[in-house]
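I opened my notebook on this one to look up a helix and a few charged pairs. Here is what I jotted down.

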Amino acid sequence: MSTAADTPTEADPERVASALSAAEFVRLYPRPTGDALAAAGVLARAFDSRGTPFQVRATRDSAVPDGDGTALALGWTAPNATGIGSGSRPVSVVAAAVVDAIGADPDPIVGLAGAVAAGAVPGQDGSGSLLEEAERRGAVDRRPGVAVPTADLADGIAHSTRIWTTYSGDVDAVRALLVDLGIDTEATGSAELHDDDHRRLASAVALDATADAPDRAVSAVERALRPYGTPTGPFATLGGHADVLDALARERPGLGVALSLGA
């Protein structure tokens, strides 16, 4: 079994890449967080493009199981594995830098979704190159509105874990809100809404979610506004993608692994 030691705060991408570049088999052990699952996806997709066999298993253990190949812990550090621990940058951003260092192209949408899941703003905390690549590909498009995973705004807002309102969990109540705001999603579809419709909805949701809310909740709501749409991605927005990763990491980490790999 191949191992390497890294700093407990943030791994050096070049050192991690050196440990992985000659690996014949890589075992990835992401911590069950949206950020770490996205990091696993970024790395696994690069391994797949290079023909390097790999295995991914989300774990909360303090040490990775013994086995063949090179073990890599994501979002935590282990005494018997190379580690990309939590540091000043999201784990997914460091993973993207590792992929760059081994000569592959990181998936910008998965990397950015992981960064958002870690609480970062796209383009900040080291994710600037990922955002630039996503924009170059036409894979993101910033617009007014609320970050939700689905094209159905009522469904997305009702089930978002990034905002909490009196109509959270109640799709019919959100639909009533849309009617009150004069937004006809049945006729146009959320992707075709005018910017003014998105702005009215964002303002209403922000007011409802921050009434008597602590500062931390206000900051969270701010990050859920003016989303980056992802027209070619699996979800409607980057924030919605991150929301799903976070939810699966908590409840069904195995499905989160499948999503990060592209299922």
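I started with Arg136 and Glu133, which sit three residues apart in helix α5, about one helical turn. Helices here are DSSP runs of H or I with at least four residues, and strands are E runs of at least two, both numbered from the N terminus. The two side chains form a salt bridge, with the closest N and O atoms 2.7 Å apart. My cut-off was a Lys or Arg side-chain nitrogen within 4 Å of an Asp or Glu carboxyl oxygen.

A note on the source: this is a predicted model, where local features need pLDDT of at least 70, side-chain atom pairs count only at pLDDT 80 or more, and totals for chains, interfaces and linings use all residues. Residues are numbered from 1 along each chain as its sequence is written, and side-chain values use heavy atoms, leaving out hydrogens and water.

Next I checked accessibility, calling residues buried under 20% relative accessible area, exposed over 50% and partly exposed in between (1.4 Å probe, protein chains only). Arg136 is exposed at 62%, and Glu133 is partly exposed at 22%.

I then turned to helix α9 (residues 195-210), where Arg200 and Asp197 are three residues apart. Their salt bridge spans 2.7 Å, N to O. Arg200 is partly exposed at 33%, while Asp197 is buried at 13%.

How many salt bridges does the whole structure hold? My search found eight.
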